Amino acid sequence: MAKDRHCIVIIDMLNDFIGPNAPLRCPDGEKIVPNLQKLVKFAHENGINVVFVQEAHRKDDADFKVRPVHAVKGTWGSDFIPELYPDEEKGDYIVQKRRHSAFAYTDLDLYLREEGIDTVVITGVWTNVCCRSTASDALYRCYKVVVISDCNASATQEMHEAGLRDMSLFAEVITLDEYMSKYGKQNGKFADAE
């Protein structure tokens with residue numbers, strides 16, 4: 001029986017969303033940075049793919065008819081925060097998106113299929129918007145979905161919990177410690193990933 005092949009998907013940990021100078025700040029976004037750093041290190045050590053999702057809008061994007069201008073492609077706001085910068089030498093992959101879901105009009109699905117991935121692990125911001133949209137689209141494309149609860153954040157705890165509650169209907173929702181103890185080379189789950 002084939003082993004699960006996971007991909008960690010880190011959504012929108014960008015300057016326009018994280019930190020005191022972020023115009024569309026996700027207040028709890030800073031709190032998950034240490035956990036995401038720990039998760040990326042774990043992924044690299046265990047042969048787990050990592051995708052960094054980058055919102056990168058056109059300057060006149062239709063999205064700005066309903067939300068303030070943010071994360072315009074090529075600007076500081078669209079760039080990754082320094083603490084969570086993709087390491088392409090270690091195989092990290094970047095997916096640029098212009099809509100909530102990382103699957104909408106991007107090559108994420110193609111990348112996952114080329115890599116033999118069957119399980120998408122959702123992390124990042126905002127739990128109840130981009131993370132939930134990406135998780136739903138992963139399910140629609142027949143991927144298993146895992147959500148790491150303390151590696152997601154939203155504007156408020158209430159919004160965060162609402163997003164987790166929605167995703168729990170179709171995803172495995174676990175903490176970072178639970179994820180690392182359950183998955184990884186030490187228990188053979190990713191032995192075939194090398």
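Q37 is partly exposed, its relative accessible area being 35% (buried denotes under 20% relative accessible area, exposed over 50%, and partly exposed the range in between, with a 1.4 Å probe and protein chains only). The model is predicted, so that local features require pLDDT of at least 70 and side-chain atom pairs count only at pLDDT 80 or more, whereas totals for chains, interfaces and linings use all residues. Residues are numbered from 1 along each chain as its sequence is written, and side-chain values use heavy atoms, with hydrogens and water left out.

Q37 lies in helix 1 (helices are DSSP runs of H or I with at least four residues, strands are runs of E with at least two, and both are numbered from the N terminus). When neighbours within four places in sequence are set aside, Q37 contacts E83 and L84, contact meaning heavy atoms within 4.5 Å. The C-alpha atoms of Q37 and L84 are 6.7 Å apart in space, although 47 residues separate the two in sequence.

Within helix 1, the buried residues are V33, L36, L39, V40, F42 and A43. Their cover includes strand 1 (6-11), strand 2 (49-55), strand 4 (119-125), strand 5 (144-153) and helix 5 (176-182). Just after helix 1, G47 adopts a positive phi of about 70°.

The largest nonpolar core contains 33 residues, of which I8, M13, L39, V125 and Y179 touch the most other members. Such a core is a set of buried Ala, Val, Leu, Ile, Met, Phe, Trp, Tyr and Cys residues joined through side-chain atoms within 4.5 Å. At least two residues of this core come from each of strand 1, helix 1, strand 2, strand 4, strand 5 and helix 5. Helix 1 makes the greatest contribution to this core, with 6 residues. Apart from neighbours within four places in sequence, L39 contacts I8, T123, I148, C151, L176 and Y179. A second, separate core has 24 residues, including C7, I11, L108 and A171.

The structure contains 0 disulfides, a disulfide being a pair of cysteine sulfur atoms within 2.5 Å. C26 is buried, at 0% relative accessibility. The closest cysteine sulfur to that of C26 belongs to C131 and is 8.5 Å away, too far for a bond. C130 likewise is in no disulfide, the nearest cysteine sulfur, in C131, being 6.9 Å away. C130 is buried, with a relative accessible area of 2%.
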